[in-house]
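Here is a brief report on one structure. Keep the sequence and the 3D view open while reading.

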Amino acid sequence: MTRRIHVALFADEAQFLAAARTCRERGLALLDAFTPYPVHGIDVLLDVRPSRLPWVCLAGGATGLAAALLFQYWSSITDWPLNVGGKPFDSLPAFLPVAFETTVLFAGLVTAAALWLRSSLLPGRKPRRELPGTLDDRFALLVAHKDAANDFAETRALLESLGAVACWDEMEDAS
Amino acid sequence: MAEIHAPAVRPPTILGDKTLGGITSDVFAPLDRRPTRLWWWAFLSAAAALLLGTVCVGYQIMVGIGTWGLNRTVGWAFDITNFVFWVGIGHAGTLISAVLLLFRQRWRTSINRSAEAMTIFAVMCAGLFPVIHMGRPWLAFWVFPYPNARGPLWVNWRSPLLWDVFAIGTYFTISLVFWYIGLLPDLGTLRERARGLRKKVFGWLSLGWDGSARTWARYEVACVLLAALATPLVVSVHSVVSSDFATAILPGWHTTVFPPYFVVGAVFSGFAMVLMLMLIARKVMHLEDYMTMRHVHAMCKVIVFTGSIVGLAYGTELFMAWYSGNPYEKFAFANRMRGPFGWAYGVMVFCNVIAPQLLWFRKVRWSLGAVFLITILVNVGMWFERFVIIVSSLHRDFLPSAWTGYVPTWIELGTLLGSFGLFFTLFLLFCRFLPMIAASEIKAVVASERHHAPVAEGVAAEGVTTENVAAECETVEAAA
Amino acid sequence: MDELPIPADAISAELEDLVFAGLPATRRSFLRAAGFGVGVAAVAGCSRAPVQKAIPHLTPPESIVPGRAYAIASTCAGCSAACGVLATCRDGRPVKLEGNPEHPLSRGGLCAVGQAELLSLYDSQRLDGARDREGGIGWDQADQLVVAELARIRADGGRVRLLTGTVHSPSTRAVIGRLLASLPDAAHVQYDAASTSAILDAHARSHGQRILPRYFFEQAQVVASFDADFLGTWISPVEHAAGWRQARDPEAEPPRMSTVVQFEGRLSLTGTRADRRVRIAPWETEPALARLVERLGVLAGGRAPSASAGRAETATLEEVDAVAGLLWQHRGAALVVAGAADGVAQDLVNRANVLLGAYGRTLDVERPSLQKRGDERALEQLRQELAAGAVDLLLVAGCNPVYELPDSEDLLAGLSATAMVIACSPSLDETAAAAHLVLPEPHSLESWGDAEPVAGFCTLQQPTAPPLRSARTLRATLARWMGDARGDRELLQAHWESELFARQDAIGSPAAFFAAALSRGFAELAPQPVPGAEAAAPAPAGSAFVAPADLVLVLHPQIAIPDGRHAHNPWLQELPDPVSKVAWDNCASVSPATARELGLRAGDVVRLNAGERAIELPAWVQTGQHDRVVAVALGYGRAGTDRFADVGPEWLQARATVESGGTIGENAAPLVARTAAGRVFAGAAVTVEKTGRRVELACSQDHHTLEVPAHLAPKGGEVRDPARELAFAAWQADPEHALHRGHHAPGEGELWAADHENDGPRWGLAVDLAACTGCSACVIACQAENNVPVVGKDEVRRHREMHWLRIDRYFEGAEGEERVHHQPMMCQHCDHAPCETVCPVLATVHSASGLNQQVYNRCVGTRYCANNCPYKVRRFNWFDYAHDDALENLALNPDVTVRSRGVMEKCSMCVQRIQEARSEARRRGEKVEDGAIRTACQQSCPTQAIVFGDHADPAGRMARLAASHRAYGVLDELGVAPSVRYLAGMNNDPLAPARAGHAETGGGHG
Amino acid sequence: MAEGRTTGAFVLVTLAFGSITLVATADIRLPGNHRGYAPEQPIAFSHRQHAGELKIDCQYCHYAASKSPNAGIPPTGLCMNCHAHVSAGFDAVLEEREAAEAEGRDPRRIVSPEIAKLYAALGLDDDLDPVPGAEPRPVEWIRVHDLADFVYFDHRPHMATGVACQTCHGPVQGMERIRQETALSMGWCLDCHRKSPAFRPGEPLPDLTAPLRYRHHVSTDCATCHF
């Protein structure tokens, strides 16, 4: 089933934020927003849950650390203990630099990968919505009605009154 | 990026009262224009140097390491000197993008993109040398612990050279990822602006970036996380590089002061290099409004600060040599200062310790020519620092019978030049095809300043005057 | 697999062409496997190769095993000393020469030259077949020509002259005798490049026999040597060194330590090891000796003879007086020797030795040395005959007069005036080039021969390889001319079974006698009565040079290149001179003072004018040399040495070792002075003028002293102590504390878990600096054993020489009074090896038996290990060193990998020998006995200064030495725990009680 | 979103799978591993016949194995110990004899083509008379078990400790033409060395229950094979 949504473009961050706030108060559903730079406050209005990336990062780092230490111990004590300059097989201090670097490497790569996958930023992807200027100097707000029984003209008027430089509505499937 | 409230007196980071659209066109327009004659000259000479270097390296790999001036006692000279030099250069980029990000230094936004690019190119130059300095570079892959039919025979985890492999590898990867993630929004913008093939390419590279608020939220978290990883990484990398020497038993190498000493040295040389490139870029690419005197001053202060620490490190070395009472140590430093390579020591001290002190004077900081000269001196000096550490320690160690000298061959000089060729070729290409300035971040800065620092608006409106830039400097000093 | 590329393996290729006709070109590994199959083919392939018969007792014939080395006992022909060698052979060719431990003269030692003889066997420029001036001719044709000429001479008279070096081969002498007897007017003239004629003449006067006594340095408690370099180049250095060593053993009970006082102008090898060294000008030699005899006469209570005409410094004379006292004190165990070619001086020496009762004790005229028999007078006479064109047939063999003698122009003129000149020489040398016929002689390792170096002691020389060239010994050649077509071996055997057999009564049957001699390599016989001095011995001509001059010339043989004969041997050319450390050149050495006076720096090319002769040489500043002396080494400047033009790597900034058409060094023979008494090598006045040109000499050591440069040292100077020396007096007084051993005993303050204790052996070396003479035999032995490449002059200049074992030479003390230390320096196989920790790819790790292993095929060549090696003993393959002389590659040791470009290498403690011994032991189910394993350096050392053994076996010889109070480890204070222990050098100078005061030279921080 | 997940999953899986296969296949078919190498030899010598059927001891021909690093390729002369008398397969000889009886003549000497090559190598004709002008030349066998030149294998200790020839050379007694059966790679050697307890000649075997740390098993020192 499809539904009709409003797209409003703003030229100014402040108007954009104010508009979003008003729409929310008016009981309109804020679907999404597209901005040329991170606009603070909008994420709250959109009910974006705090990201779980830090945990992913931590997990990655832990994996890297464990892998590095285990492999170094295994290869230099269990698999083939060699007398290197009379040093003990368990040369922990000497194992640390590699362990640290591997930790950082894993953490970093996992974080980046997680970001890309979660936000489905992948090679060859088409942007979900190509709205004019949202990567330049326009702020786009996507609004929809909670219930079908609502006056579109009114909403558009509202958005325009809130300073939208452009405003139109589209059909999109709500699924 | 996480928002902060700048002090009300803070004048704008970006001059000339830019609109968002204005920023976009300022940053992206040059990429649409044909390259200037100046760019061509720079590019061709860089490419020529690169070609020369390639020929030298090719010859050396075909004929043997003997084509370098090394001998039975001096086993490393230009090769590892260049390696450490370039790694050092690389550090500034990460520092600016990561550390200053964590420290909320907003002025970083104008330069972090190019600084990060510089890091990546510098690390590429650096990574070249450990490979070509091998007697059998075609077996370089043996330094990786991969399964093999030899037992399997793994690698020596105790060798600092192996630590280098992991440190440099990680450093390069993380820097690249960080840089690329930072590029995504601007790549999106590029995609929007571009036509035809470039649109396809940028479309592919921008991973379908659309600036959705949800993505932005995650994006910022990821940036902070990577920054938080990159900060200890950058410290570890040069510490590891320094252990190539610190863990050896050679007098002049075997010292615990090396890790901090090297890290500071790296930041020092790195900032000098960034500033140098910045001074060129703002002229060539007409970015004076984005890379302002304020940036120059901030950088100058970091340089004079780190330069002084480097001086302290030199002093510490000498003191420890004397205080240790170890005759080999004492001799190593006596020989370093007054021996056959004393001249190099002189160059090092002058360029790294004395020259930067001039930056205490505002007049010097004001004259871009002087600053430019000093940045060049610092880079020369830092190259010589590594040369002095490596060669003057090696050529006369324990047994007098084994003492020798060292003279570089043309091949080595050509290779050094070639590494600069590689660096500048890549950098110039970067200026041509990618936005030198993180437009989205600048926009954020400008916007937030406009909304949160009305006072500054006025200043900006008046335009730049000596007074307010001077005032601006004070505030930056407070900040930096 | 990651294969270490080995240069297209020419060994097998060559064996195919040369030795094993028709064998496929295969890899060395095939040969190692093909083993006996190949051996058989060898014998089948070469019809006249009695290889399989020439088997020593060490491995009886039935035990030749494919892939196993076997040894053949033979005699070294490197010089006239005739040391005993065991040729280690593989697959029918020699790959290494070792000293024969049972040989009574050399006693297991073999000098650098002897070691290098191996390479000259595989010299691709040796002549192949007889030739006349146009080119190659058949042997038969050559023989016909000569036989016809001889017939003519027999018919209608004519002079025949044989000009040879000393011929100490009994069988050859016999044949020569027969030839001379068969001719109306024939004579055999012998001379030695380094002449001892004056000594023989002196004995003709004093003992009525023209003989060279045999010197017993083992018997001598005190030796006064005047310019006689008996440890380096004089007469029989290996024999002398062995004796010298026997008289000096601080570890013996009670400790033995002789005293050597060296009076000399230049700094000779003996001088560097003398307990007391007195710098005198050549003109002082004779007055000094006169004073010595006078003093001894007085001490003997006799009437003091009249002093000499010459003038000597009072300081010198005082020294002489002191030494005279010392000698007298040890009369009966004292010895005076002089190297001077000066009749008067040698007469004085004999009188001194008579007064000291040395004859029969420290020197022997009953069984005299036959190693040098040259007669300068006869030589002079022959010169005149030649000049007069009075010689019809001249046969030159075993010498190179045109190169070795002064005034070679006259000589050449004489040769051209001679109807027929025949040269028997292995290569087309200066003399052969001027001959009508050249009949190449084979190399000693591919032919039969014998020698009687000392009266009554005969050694045999056997072929160790099938002949590589068509050549014929002088013996066979002469016999053939007299219609005796027997082969070389038959001639030899016949002579032994008839003549020599008769001189002994130990063995009953001639055949058995010869067989025994074959397997031992030598036989001891009754000495032949030496003929009385022919006619009345001539009175000594007055000393040639008694007048002091501003600068005088001293011409001397070099350790590596004693006479020109070995100038074509790359190993010897690249061997740094033990004293100057210069390789690939001879130079004009002057003392530092003189250098300052003349404004000379090392490398300045100077022009030396002696009389009307002049040569140009690079200058060298040699501390320890007399200020009035200019010393120049003979044996350089040989024609054809431009063969080395392309030795070493070729690259952009490479400089050729020698420009084509040039020579290595300059021939100094033209400067030799000719007097009525013959050639005089020292004392002629010389002037030195700078040419303004400079060359860079190839010196393997940049810093020559133990002191660090003054401007870099703390107040009072800094002296490093890698090489230490004790005063014998102090040692006797308190052995425990004589040696100051840093503050750090090895193994002290161990921080690490003992993960590596091991119940097996822990290999190590003990190097006794008291025994080391610096002769460098070990360096060449190591080079031969371990396939160490020759890199050429330019690479040595760049300090990239590849020798695994180098000898560090340090001067210590004030200019003029230097003590000299020689310190063999090889990988120390540290238990806490710094090199191992830093290798990223585990290419160098420690073995369970304490070896520091270097795995070439794993090495990627970061050179980090070399940087971190405090001893700087690791060697890097900067280039692919040439292995393109296929014949030369036959000298490669098949048991050691040939290293490729870009890998690190170093002393392996001859691990291939260790493995061989252990495999054998395992096969026999026995333990490896102490002494069963001997490294190449240890084996060759004439003074047994190096001992290999097991630290874990306290009863072993090495462990006992390592436990000595003299033992220390170089840089012990670093805590790297080296497995090589050095025993401090020993200096016994009773005349300097002051020295005994401070126990140890070589300073002491810890 | 969904699409992104799948793509990402795909990437990860490929990476994982790739690395696993690399590990799994690491020690087979690496360059230098000549397992299965069986070139044609100049003479079709059959180990199956000699070692398998006739049960000739390996060391009769490769007699150096126990006393030399190399087993040695037997000299051609050695073959003549038998082949001076045996010149052809038994059946061939029988046939000729029958044929001869049938024709009522003396059986001719039969020489199999392969053995003829052997005679030729020795410069002999089929009746073992020297061929005028023919130089004896060793047979040019093609080496099969060939280690890299920087590896020094020594048969002696292996023979001394009773390692069977087949352990390394495979079931030679069954091979018509000699073939490399094992990898002969460093890892392959080490497997065995690590499993075998060390002992010194004349000493009792060590406690086999003790964990085989490197000093308890047969030497795995580099210098055991590389010098």
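## The interface of chains C and B

Buried area is the accessible area, taken with a 1.4 Å probe, that two parts lose on being put together, summed over both. By that definition, about 5,400 Å² is buried between chain C and chain B. Carbon and sulfur atoms give 59% of this area. The model is predicted. Chain C brings 66 residues to the contact, and chain B brings 66 residues.

The interface also holds polar pairs. Between chain C and chain B, 40 residue pairs are in polar contact, counting pairs with both residues at pLDDT 80 or more. Four elements of chain C give two or more residues each to the side that touches chain B: strand E34 (806–812), helix H25 (834–838), helix H26 (864–867) and strand E38 (875–876). H25(C) gives the most, with four residues. Sorted by class, this side of chain C has 32 nonpolar, 16 polar and 18 charged residues.

## Salt bridges

Side chains of opposite charge can pair when their charged atoms come close. The whole structure has 89 salt bridges over all chains. Three salt bridges are counted between chain C and chain B. B:Arg72 and C:Glu801 form a salt bridge, and their closest N and O atoms are 2.3 Å apart.

Another salt bridge lies within chain C. C:Asp143 meets C:Arg472 there, at 2.7 Å from N to O. This pair links distant parts of the chain, 329 residues apart. C:Asp143 sits in helix H4 (residues 139–156) of chain C. C:Arg472 is in the loop between strand E19 (457–461) and helix H16 (474–481) of chain C.

## A helix checked by length

Does the span of helix H4 of chain A agree or disagree with its residue count? The helix covers residues 92–118, which is 27 residues. At 1.5 Å a residue it should span 39 Å. Its end C-alpha atoms are 37 Å apart, so the two values agree. A:Ser120 follows H4(A) and has a positive phi, near 40 degrees.

## Backbone details in loops

Two cis peptide bonds can be inspected in chains B and C. One joins B:Gly151 and B:Pro152, with omega about -10 degrees. B:Pro152 is in the loop between helix H4 (112–132) and helix H5 (160–193) of chain B. The other joins C:Glu253 and C:Pro254, where omega is also about -10 degrees. C:Pro254 is in the loop between strand E9 (248–249) and strand E10 (256–257) of chain C.

In chain D, look at D:Lys55. D:Lys55 is not a glycine, yet its phi is positive, about 55 degrees. D:Lys55 is in the loop between helix H2 (47–53) and helix H3 (58–61) of chain D.

## Confidence

The model scores ipTM 0.88 and pTM 0.90. Chain B has an average pLDDT of 86, with 90% of the residues scoring at least 70. For chain D the mean pLDDT is 81, and 84% of the residues reach 70 or more.

Which stretches of chain B have pLDDT below 50? Residues 1–9 are one of them, and the model gives this stretch 18 contacts beyond four places in sequence. Residues 453–480 are another, with 33 contacts beyond near neighbours in sequence. Where pLDDT is low, the predicted coordinates should not be read in detail.

Notes: Residues are numbered from 1 along each chain as its sequence is written. Chains are lettered from A and ligands numbered from 1 in the order in which they are written. Side-chain values use heavy atoms; hydrogens and water are left out. Contact means heavy atoms within 4.5 Å. A salt bridge is a side-chain nitrogen of Lys or Arg within 4 Å of a carboxyl oxygen of Asp or Glu. A polar contact is a pair of N or O atoms within 3.5 Å; within protein, one must be able to donate a hydrogen and the other to accept it, and residues adjacent in sequence count only if both atoms are side-chain atoms. Ala, Val, Leu, Ile, Met, Phe, Trp, Tyr, Cys and Pro count as nonpolar, Asp, Glu, Lys and Arg as charged, and the others, Gly among them, as polar. The expected span of a helix is 1.5 Å times one less than its number of residues. pLDDT is the predictor's confidence in each residue, from 0 to 100.
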